[in-house]
Amino acid sequence: AMKCGNIEITKVRIDAYGSADDLGNLAPAIGGAGSESCGTITIDDATVYAYGHSGSYSSSAIGAGFSMLEIKGTFQTITIRNNSEVSVQRGDSYCDYIGYSGFPSSPSTGDIIATIDNTSTVIKLN
């Protein structure tokens, strides 16, 4: 797998969906795949609907994935700003909405690990 650079989503509306391959590597809807690192993720004056992958293992809507060896990926910072509206659905209760993907034996907390300015909104869909 390759490392993911910085992701900038500006002045658009997108629908994004997490995914998994046949080996068990997962990716969130927006962010890095498998255990690879991801740079910064910035959502700026945008409308985003992000849906994590659900199944035996689950991915966050936005953030880091994990590998078939159950190694979590990483990201730098996630920023939501300038009148952005972000709706997020995590794959399952053991992963973050925005942040880290998870699996039953190594769950994440269900957090939103992001800096959100006072003009923007994040809505949990599940």
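Mentor: Start with a cut-off: a residue counts as exposed when its relative accessible area is over 50%, and as buried when that area is under 20%. Keep in mind that this model is predicted.

Trainee: Is Leu 69 buried or exposed?

Mentor: Leu 69 has a relative accessible area of 65%, so Leu 69 is exposed. Leu 69 sits in the loop that links strand 9 (62–64) and strand 10 (74–75). Together with Leu 23, Met 68 and Ile 71, Leu 69 makes a nonpolar surface patch of about 430 Å².

Trainee: Which residues of strand 7 are buried, and on which sides?

Mentor: In strand 7 (residues 41–44), Ile 41 and Ile 43 are buried on one side, and Thr 42 and Asp 44 are buried on the other.

Trainee: Which strands pair with strand 7?

Mentor: The general idea comes first. Backbone hydrogen bonds pair the strands of a sheet, in either a parallel or an antiparallel sense. Here, strand 1 (residues 7–10) pairs with strand 7 in the parallel sense over four bridges, with Glu 8 opposite Thr 42. Strand 11 (residues 78–81) also runs parallel to strand 7, joined by four bridges, and Asp 44 faces Arg 81 there.

Trainee: What is the order of the strands in the open sheet of four?

Mentor: The order is 2-8-12-15, with parallel pairing. Strand 2 (13–17) and strand 15 (121–124) are the edges, each pairing on one side only. Neighbouring strands of this sheet are turned against each other by 10° on average, direction ignored. Within the sheet, five bridges pair strand 8 (residues 47–51) with strand 12 (residues 85–89), and Tyr 49 stands opposite Ser 87.

Note on methods. Residues numbered from 1 in each chain as written. Predicted model: local features only at pLDDT ≥ 70, side-chain atom pairs only at ≥ 80, totals over all residues. Heavy atoms only, no water. Pairing = 2+ DSSP bridges. Helix = DSSP H or I, 4+ residues; strand = E, 2+ residues; numbered from the N terminus. Axes fitted to C-alpha atoms, helices over the stretch in contact; angles between N-to-C directions. Patch = residues over 30% accessible without salt bridge, like charges linked within 9 Å, V, L, I, M, F, W, Y side chains within 5 Å. Areas by Shrake-Rupley, 256 points an atom, 1.4 Å probe, with all protein chains shown as cover. Salt bridge = Lys/Arg side-chain N within 4 Å of Asp/Glu carboxyl O. Buried < 20%, exposed > 50% of the residue type's maximum accessible area, 1.4 Å probe, protein only.
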